[in-house]
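Please open the model in a viewer and follow the selections below in order. Each stop names what to select and what is found there.

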Amino acid sequence: MIDFLNLKKINEQYEVALLPAIQRVLASGWYILGEEVDAFESEYATYCEAKYCVGVANGLDALHLGLLALGVGAGDEVIVPSNTYIATWLAVSQCGATPVPVEPNEATYNIDPARIEAAITPRTKAILPVHLYGQPADLDPILAIARKHGLKVLEDGAQAHGARYKGKRIGAHGDMVAWSFYPGKNLGALGDGGAITTDDAELADRIRELRNYGSRVKYVNEVRGFNSRLDSLQAAILRVKLQHLDIANQVRRAIASQYLTGLAGIGVTIPYVPDWAEPVWHLFVIRSKSREQLQAHLNQAGIGSLIHYPIPPHLQGAYADLEFSKGAFPIAERLAGEVLSLPISPVHTEVEIDTVITVLHDFK
């Protein structure tokens with residue numbers, strides 16, 4: 001059996017370093033925010049080549065609070081990818097704003113900058129590009145459009161820890177980047193966690209206020225805030241795993257290279273990487289018009305795979321009120337019907353990946 005993802009095996013690599021970190025938090029008597037969170041925020045900001053990092057409770061909160069800090073509210077519109085996980089849209093809805101979908105570039109799966117301007121209206125407040133599967137979106141044209149129209153840019157970096165766009169790490173190209181540390185991410189906690197990185201001191205301060213009941217000083221609440229604080233235990237765990245992130249990402253890149261070579265010309269669509277992108281391969285996603293049969297073939301061989309994501313947001317019941325019919329976003333719908341994620345993680349071996357490749361070659 002080749003697991004799609006084995007978190008137990010991944011985290012066992014760090015056990016020797018994790019246990020003292022956990023014991024340190026236990027002994028400190030401080031379990032929400034505090035010195036561990038301060039230290040992680042400093043270390044992660046440096047890693048992301050950003051000036052500031054603010055830890056929050058999870059990735060969805062990072063998106064939600066980020067949009068609120070940018071002034072997004074009721075009656076506003078936010079441009080989002082049609083091809084993404086629904087959390088990107090949910091954050092917009094939580095602000096009382098409306099998500100306005102834009103189709104992806106079919107080669108990269110990320111939002112197509114050439115389609116964005118046509119979606120801008122007088123109500124548009126921000127653009128929310130997603131670095132899907134760990135590959136950076138094409139940020140320069142997106143930022144140029146945002147500047148032209150006076151819009152804010154919040155990046156969704158939930159799958160892109162350590163990725164680079166034109167040589168610079170994802171972290172502060174736009175106004176802010178929202179991060180998730182869900183256990184399955186490239187930088188994953190042992191529970192939920194999230195953060196925002198930015199070069200803007202005022203925005204960072206606003207997030208700190210929003211995450212803590214709208215308070216900068218205890219019992220003084222300046223705005224109607226939220227309880228969305230990164231806890232000390234998860235921060236300590238993330239500090240340990242951050243030290244190993246580049247090595248883990250390098251293993252992912254080696255596996256991706258193995259796949260790209262081994263799967264060329266066998267009748268499935270393999271990922272395309274522009275020369276300006278340095279992805280971190282959170283997922284390795286192929287496409288097949290016979291996706292269900294191909295997945296069954298892998299299952300029969302004991303190989304795990306997943307579909308990210310089988311139903312695009314505009315066709316989910318959660319967004320029935322927007323009245324998008326089937327066919328409204330054909331590229332996103334086509335991708336949802338063809339994509340299949342193959343095993344890729346820091347603990348998969350070259351032999352295991354060769355086995356996956358062989359089984360895929362055997363598919364008729």
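Select Asp3 first: apart from residues up to four places away in sequence, Asp3 touches Pro343 and His348 (contact means heavy atoms within 4.5 Å). The model is predicted, so local features need pLDDT of at least 70 and side-chain atom pairs count only at pLDDT 80 or more, while totals for chains, interfaces and linings use all residues. Residues are numbered from 1 along each chain as its sequence is written, and side-chain values use heavy atoms, with hydrogens and water left out.

Asp3 belongs to the segment before helix H1 (7–12); helices (H or I, at least four residues) and strands (E, at least two) are DSSP runs numbered from the N terminus.

Next, select Ile116, in the loop between strand E3 (98–102) and strand E4 (124–127). Is Ile116 buried or exposed? Ile116 counts as buried because its relative accessibility is 0% (buried is under 20% relative accessible area, exposed over 50%, partly exposed in between; 1.4 Å probe, protein chains only). Beyond its neighbours within four places in sequence, Ile116 contacts residues including Ile79, Val102 and Ile127.

Finally, select Phe40, Tyr44, Ile79, Ile116, Ile127, Phe181 and Leu187, the residues with the most contacts inside the largest nonpolar core, which has 42 residues. A nonpolar core is a set of buried Ala, Val, Leu, Ile, Met, Phe, Trp, Tyr and Cys residues joined through side-chain atoms within 4.5 Å.
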